[in-house]
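Visitor: I would like a close look at a single part of this model. Please take me through the aromatic rings.

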Amino acid sequence: MTVKKPRAPRPFYPDLPNSDNPFFWLAAFLRDLAEWDELKTLRDKSYGRRRCSHVLQCALGSAATAKMQEASQSLRYATADGLLLCAFPGTTVLDGGAA
């Protein structure tokens with residue numbers, strides 16, 4: 001009898017709203033960040049394993065780097081739109097009441 005290892009829980013990926021939604025870039029940033037975290041976790045787990053080739057490790061590292069660049073761009077767009085819940089001079093998300 002073979003004992004199966006339990007599957008890891010699926011990561012949470014927020015659905016993106018329509019592009020005309022004012023919170024689109026904030027949602028895109030959070031989704032990019034979640035995907036980057038998963039790629040980084042896979043990359044970290046692959047190091048030191050005999051069955052993972054150097055090419056796979058390099059591909060995972062490159063994919064994680066590219067995803068972080070996408071997240072940085074989404075963050076720049078969200079910041080430019082004033083959609084971040086942090087203290088910086090351009091924040092407008094709380095104008096007119098709590099979000």
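How many aromatic pairs does a search of the whole structure find?

Guide: The search of the whole structure finds two aromatic pairs. Rings of Phe, Tyr and Trp (its six-membered ring) pair if their centres lie within 6.5 Å; planes under 30 degrees apart count as stacked, over 60 as edge-to-face and the rest as tilted.

A word on the basis. This is a predicted model, where local features need pLDDT of at least 70, side-chain atom pairs count only at pLDDT 80 or more, and totals for chains, interfaces and linings use all residues. Residues are numbered from 1 along each chain as its sequence is written, and side-chain values use heavy atoms, with hydrogens and water left out.

Now the pairs. Phe 24 and Trp 25 are edge-to-face, at 4.9 Å centre to centre with 80° between the planes. Trp 25 also pairs with Tyr 77: the centres are 4.4 Å apart and the planes at 50°, so this pair is tilted. Trp 25 lies in helix H1 (residues 24–46) and Tyr 77 in helix H2 (residues 54–80), so the pair ties together parts that are 52 residues apart in sequence. Helices here are DSSP runs (H or I, at least four residues), numbered from the N terminus. Phe 24, Trp 25 and Tyr 77 form one aromatic cluster.

Next, accessibility. Buried means under 20% relative accessible area, exposed over 50%, partly exposed in between (1.4 Å probe, protein chains only). Phe 24 is buried at 16%. Trp 25 is partly exposed at 29%, and Tyr 77 is partly exposed at 38%. Of the 99 residues of the protein chain, 23% count as buried.

Conventions:
Helices (H or I, at least four residues) and strands (E, at least two) are DSSP runs, numbered from the N terminus.
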